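Please have a look at the structure first.

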Amino acid sequence: EKTPPSRQGPPLRLAGGGAGILNFCANNYLGLSSHPEVIRAAVEALEKFGAGLSSVRFICGTQSIHKDLEEKIARFHQREDAILYASCFDANAGIFEALLTPEDAVLSDELNHASIIDGIRLCKANKYRYKHMDMQDLEAKLQDAQKHRLRLVATDGAFSMDGDIAPLREICQLAQKYDALVFIDECHATGFLGPNGRGTDELLGVMDKVTIINSTLGKALGGAAGGYTTGPKPLIDLLRQRSRPYLFSNSLPPAVVGCASKALDLLMESNAIAQSMAAKTQRFRSKMTAAGFTISGKDHPICPVMLGDARLAAVMAEDMLNRGIYVIGFSYPVVPKGKARIRVQISAVHSDEDIDHCVEAFTEVGRKHGALP
Ligand code: PLP
């Protein structure tokens with residue numbers, strides 16, 4: 001783990017290393033984690049509401065800013081209500097057990113995030129795992145699951161290792177056909193996918209068909225911490241009564257709430273940041289492909305540069321850092337054997353020059369290590 005003694009941002013200082021390193025491996029998709037207005041909102045919330053609540057929500061840990069943020073999240077996603085958690089990991093850990101009984105079924109994409117897998121482990125529903133984005137397999141599993149009382153299809157909206165986007169239109173059609181609910185984890189979509197950054201459901205035109213959204217405040221929405229569930233009011237009411245990470249863990253600190261609230265204000269005022277992010281992503285993907293690299297996924301700021309070999313990914317990432325670009329190699333067991341890669345993440349605050357510099361460095365390093373001819 002590197003330990004920068006500076007703020008998160010495209011320019012970064014690394015301990016023991018030089019200044020002016022360009023960070024291409026954060027989930028800081030919109031650059032809001034160092035946005036002056038976001039930081040000011042955190043300071044104001046800290047001064048007005050204090051460091052923290054020393055309490056869980058239902059005892060004496062809810063302030064007006066928590067309720068305001070929940071209302072804002074619901075409005076942003078065009079849903080009835082929302083509930084805050086300390087993280088999206090907690091939101092995922094708390095939902096399935098509260099919602100599903102042994103008479104129900106949950107159908108989960110095999111590549112879903114670890115926190116969805118853990119959340120599902122905690123519930124007593126019947127578990128089906130369908131092949132990654134395979135609609136034939138999902139349909140077969142839905143047919144089998146007809147014998148259960150209620151069916152919930154659970155998928156990441158965007159998958160963080162490959163930068164691929166779940167086929168939500170098809171999933172929602174199948175859900176309709178087999179009377180199932182749809183749950184999506186939007187950690188890598190909220191704030192920037194879709195014309196107004198609402199997420200995968202907006203991008204694919206199914207905002208009215210997805211029932212439940214879980215997402216994080218720790219990535220595009222200011223990057224501090226926190227997570228939430230948004231959806232129908234009766235579901236949110238149920239979670240407030242039954243969801244264990246909500247009931248038995250401390251309230252989000254006011255400064256963190258202030259950051260997320262300001263990030264949402266900025267996004268609801270204008271879609272300019274989300275749009276600029278899409279243009280930067282397009283620039284990186286097309287220049288890298290033209291240089292001869294294979295980039296997995298499509299139209300997503302997660303741009304995995306596929307290399308295959310674990311050692312190659314590690315030495316190339318190290319050599320990129322020598323050229324002032326901070327990226328990370330991923331290999332087995334984080335990704336399947338033979339699918340090692342360097343995962344690049346684009347941010348709205350990368351300049352075109354930053355992106356071009358990154359592509360040039362990749363091209364040099366790729367030639368040096370034999371990844372390019
Ligand atoms: N879901 C997905 C798809 C994620 O990528 C992550 C974080 O990496 C989480 C959930 C957990 O989010 P948080 O950091 O808010 O706990």
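Which residues line the largest cavity? The lining consists of Arg57, His66, Leu84, Tyr85, Ala86, Pro245, Tyr246, Ser249, Asn250, Ser251 and Leu252. Before I go further, please keep in mind that this is a predicted model, in which local features need pLDDT of at least 70 and side-chain atom pairs count only at pLDDT 80 or more, while totals for chains, interfaces and linings use all residues. Residues are numbered from 1 along each chain as its sequence is written, and side-chain values use heavy atoms, with hydrogens and water left out.

A word on terms: on a 1 Å grid over the protein atoms alone, a cavity is a set of points where a 1.4 Å probe fits but cannot get out, a pocket is an open set with protein on both sides within 12 Å along at least five of seven lines, and lining residues have an atom within 4 Å of a point. Grid points are joined across faces, edges and corners, and a volume is the space filled by probe spheres set on the points.

Let me turn to the domains. The chain is divided into domain 1 (22-30 + 271-369) and domain 2 (36-269), with bounds that come from an automatic or database domain assignment. Their C-alpha centres lie 27 Å apart, and the contact, meaning heavy atoms within 4.5 Å, takes 22 residues from domain 1 and 18 residues from domain 2. The area buried between the two domains is about 1600 Å², of which carbon and sulfur atoms give 60%; buried area is the accessible area (1.4 Å probe) that two parts lose on being put together, summed over both.

How much space lies in the largest pocket? The volume is about 390 Å³, and of the 18 residues that line this pocket, the closest to its centre are Leu111, Met161, Asp162, Val334 and Pro336. The lining draws at least three residues from each of domain 1 and domain 2, and by class it has 9 nonpolar, 4 polar and 5 charged residues.

The second largest pocket has about 320 Å³ of space and is lined by 17 residues, of which Ile165, Leu193, Leu203, Ala278 and Asp299 lie nearest its centre. Two elements give two or more residues to this lining, strand 8 (164-165) and helix 12 (272-291), and helix 12 supplies the largest share, 6 residues. Why does the second largest pocket lie between domain 1 and domain 2? It does so because both domains give residues to its lining.

Finally, two backbone details. The peptide bond from Tyr332 to Pro333 is cis, with omega near 10°, and Pro333 lies in the loop between strand 14 (328-330) and strand 15 (340-345). Gln78, although not a glycine, has a positive phi of about 55°, and its place is in the loop between helix 3 (64-77) and strand 3.

Methods. Ala, Val, Leu, Ile, Met, Phe, Trp, Tyr, Cys and Pro count as nonpolar, Asp, Glu, Lys and Arg as charged, and the others, Gly among them, as polar. Helices (H or I, at least four residues) and strands (E, at least two) are DSSP runs, numbered from the N terminus.
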